[in-house]
Amino acid sequence: MSLPKWKPSHRFYRGCYNITWVLFGIVFWSDIKGREKIPTGAAMICSNHSSFFDPIFIAFAFGKEYFLHFFAKVELFRVPVLSWIITKLGAISVDRDMFDVTSMKRTLSYFKNGEKVAIFPEGTRAADLIESKKGAVKIAERAHVPLVPVFVPRKKKCFSKLHLVIGEPYYIEKQANKRTAEDYHRLSEELMAKIEALNPVQAQ
């Protein structure tokens, strides 16, 4: 089944942002720390993942002035109506069962245009975990864009404050020798450690 060809729309993104801000603002109060650390230009936004609504909370954390392109599993692009919405929102399809050249090229083109891409390195299932973490590091290294760790609380209670934290951006510097699988595993574990270190509970 072919994927939709509609182009992402910044105007549509901002419209959805405004609508969801009103709806979610009634249920959650966001306390966002680290906004001053958001880099200008291209960046790979990396967050922990525990809820279907995490992309919305991350979008709120960065504000509607930033158009975040979220990675989403390819199955979502095959759902009527939803496929149209997430495509207009600039989501990037990811096929978990194969290396997706098209998605990689699209991601690199967004970086080239100075835009930001958001990914959940933890993956959506156990089999995705290792490769998803490595993927975030590899893409950021190849495009030479900063990784921005973000922590989103795993437990979300309605009508209570939600504490999100944006961490310090950092680069994966390229090296002369080709990195080994062990190198990428170590770098991906460092990324996850940086995300977890932002947990306000851990920091106390």
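This is a predicted model: local features need pLDDT of at least 70, side-chain atom pairs count only at pLDDT 80 or more; totals for chains, interfaces and linings use all residues.
Visitor: Which parts of the structure do E141 and R179 lie in?

Guide: E141 belongs to helix 5, while R179 sits in the loop between strand 7 and helix 6, so the pair ties together parts that are 38 residues apart in sequence.

Visitor: Are E141 and R179 buried or exposed?

Guide: Both E141 and R179 are buried.

Visitor: How many salt bridges does the count come to?

Guide: The count comes to six salt bridges. Among them, K156 and D54 meet through their side chains at 3.1 Å, N to O. This pair links distant parts of the chain, with K156 in the loop between strand 6 and strand 7 and D54 in helix 2, 102 residues apart. D54 is buried, its relative accessible area being 0%. Another salt bridge joins K33 to D31, with 3.8 Å between the closest N and O atoms. K33 is partly exposed, at a relative accessible area of 48%.

Visitor: Which residues have the most contacts inside the largest nonpolar core?

Guide: In soluble globular proteins, nonpolar side chains tend to be buried together. Here the largest nonpolar core has 26 residues, and those with the most contacts inside it are M44, C46, F111, V117, L147 and L191. The elements giving two or more residues to this core include strand 2, helix 4, strand 5 and helix 5. Its largest share, five residues, comes from helix 6. Apart from this core lies another, of 24 residues, including F57, F60, L68 and V150.

Visitor: Which residues does V117 touch?

Guide: Leaving aside residues up to four places away in sequence, V117 touches A43, M44, I45, H69, F71, I92, T107, Y110 and F111.

Visitor: Which residues of helix 6 are buried?

Guide: The buried residues of helix 6 are Y184, L187, S188, L191, M192 and I195. These residues lie on the same side of helix 6 because they cover an arc of only 140 degrees around the axis. The face turned away from the buried side of helix 6 carries the exposed residues E182 and A197.

Visitor: How many residues does helix 6 have, and what is its reach?

Guide: Helix 6 has 17 residues and reaches 24 Å from its first C-alpha to its last, close to the 24 Å expected at 1.5 Å a residue.

Key
Residues are numbered from 1 along each chain as its sequence is written. Side-chain values use heavy atoms; hydrogens and water are left out. A nonpolar core is a set of buried Ala, Val, Leu, Ile, Met, Phe, Trp, Tyr and Cys residues joined through side-chain atoms within 4.5 Å. Buried means under 20% relative accessible area, exposed over 50%, partly exposed in between (1.4 Å probe, protein chains only). Helices (H or I, at least four residues) and strands (E, at least two) are DSSP runs, numbered from the N terminus. Contact means heavy atoms within 4.5 Å. The expected span of a helix is 1.5 Å times one less than its number of residues. The arc is that of the directions from the helix axis to the C-beta atoms. A salt bridge is a side-chain nitrogen of Lys or Arg within 4 Å of a carboxyl oxygen of Asp or Glu.
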